[in-house]
Amino acid sequence: MAAFPGPDEADLVDALRRDPAWLPDLSVVAVDDSGLVVGHALLTRLRVGKGKGLALAPVAVAPEWQRKGVGELVVRAALTAAEDAGEKLVVVLGDPDYYGRFGFIPAQRHEVSGPFEVPDGYFQTLALPGYDGSPRGLCHYPEPFEAV
């Protein structure tokens, strides 16, 4: 909760854990030497048009660990796990400068759109090595995202 201004994102993680979209092997945490969780990246199932993809959200890093590479570490580990699982496409809503370093590009380049209005470039996709041009279309997020 400390990584965000309020409890919404922490509540979202709890709600996603109870949802069929939950993919436990695609939830990555970083811990410090004492075992305390200091960072987290979560990939959950979402529908893209008539196909399936993954949503990267939320990504959180404890304030005292921010700007030390923890966020990059957990995001890269989650994306590697998705690639190893044979996934094709990941979507994220976030800062293009931050997520661009992982290879995310504006979603419209993959003919993918989001269910909400956001500034240009903030809704992004990452085609994983197995991507063959599909899925495409409108993203339908799991129900817990509607509460955020």
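**Entry 1**

I looked up Arg76, and at 36% relative accessibility Arg76 counts as partly exposed. My cut-offs are these: buried is under 20% relative accessible area, exposed is over 50%, and partly exposed is in between (1.4 Å probe, protein chains only). I noted that this is a predicted model, where local features need pLDDT of at least 70, side-chain atom pairs count only at pLDDT 80 or more, and totals for chains, interfaces and linings use all residues. Residues are numbered from 1 along each chain as its sequence is written, and side-chain values use heavy atoms, with hydrogens and water left out.

Which residue does the side chain of Arg76 meet in a salt bridge? I found Glu72, at 3.0 Å from N to O. A salt bridge here is a side-chain nitrogen of Lys or Arg within 4 Å of a carboxyl oxygen of Asp or Glu. Glu72 is partly exposed, at 28% relative accessibility. Both Arg76 and Glu72 sit in helix 2 (residues 70–84), 4 residues apart, about one turn of the helix. Helices (H or I, at least four residues) and strands (E, at least two) are DSSP runs, numbered from the N terminus. An α-helix has 3.6 residues a turn, so residues three or four places apart point the same way.

How many salt bridges does a search of the whole structure find? I noted 6.

I looked at helix 1 next. The side chains of Arg17 and Asp14 form a salt bridge there, at 3.6 Å from N to O. Arg17 and Asp14 are 3 residues apart in helix 1, so about one helical turn separates them. Arg17 is partly exposed at 46%. Asp14 is partly exposed too, with a relative accessible area of 35%.

Then I checked Arg136. Its side chain meets that of Glu111 in a salt bridge of 3.8 Å, N to O. This pair links distant parts of the chain, 25 residues apart. Arg136 lies in the loop between strand 7 and strand 8, and Glu111 in the loop between strand 5 (105–106) and strand 6 (112–113). Arg136 is partly exposed, at 45%. Glu111 counts as exposed, at 54%. I also noted a network: salt bridges that share partners join Glu72, Arg76 and Arg101.

**Entry 1: the buried side of helix 1**

Which residues of helix 1 (residues 8–17) are buried? I wrote down Leu12, Val13 and Leu16. They cover an arc of only 100° around the axis, so they lie on the same side of helix 1. The arc is that of the directions from the helix axis to the C-beta atoms. Strand 2 and strand 3 (51–61) are among what covers these buried residues.

**Entry 2: Arg45**

I found Arg45 in strand 2 (residues 37–48). A polar atom of its side chain lies 3.1 Å from the backbone oxygen of Gly53. I then listed its contacts (heavy atoms within 4.5 Å). Leaving out residues up to four places away in sequence, Arg45 touches Ala21, Leu23, Lys52, Gly53, Leu54, Glu87 and Pro142.

**Entry 3: a nonpolar patch**

Which residues make the nonpolar surface patch of about 250 Å²? I noted Val29, Val31 and Val37. Patches use residues with over 30% relative accessible area and no salt bridge; like charges are joined within 9 Å, and nonpolar side chains (Val, Leu, Ile, Met, Phe, Trp, Tyr) within 5 Å. Accessible areas come from the Shrake-Rupley method with a 1.4 Å probe, and for residues only the protein chains shown count as cover. Val29 lies in strand 1 (residues 27–31). Val29 is partly exposed, at 47%.

**Entry 4: backbone checks**

I looked for cis peptide bonds. One joins Ala57 and Pro58, with omega about -10°. Pro58 is in strand 3. Another joins Ser134 and Pro135, with omega about 15°. Pro135 lies in the loop between strand 7 and strand 8.

Next I checked phi. Arg67 has a positive phi near 65°, though Arg67 is a residue other than glycine. I found Arg67 in the loop between strand 3 and helix 2. Arg67 is exposed, at 88%. Glu111 came up again, with a positive phi of about 60° although it is not a glycine.

**Entry 5: Gly130**

I placed Gly130 in the loop between strand 7 (123–127) and strand 8 (137–140). Gly130 is partly exposed, at 42%. How many Å separate the C-alpha atoms of Gly130 and Ala147? I noted 32 Å, for residues 17 apart along the chain.

Terms used:
Polar contact = N/O pair within 3.5 Å; in protein donor to acceptor, adjacent residues only side chain to side chain.
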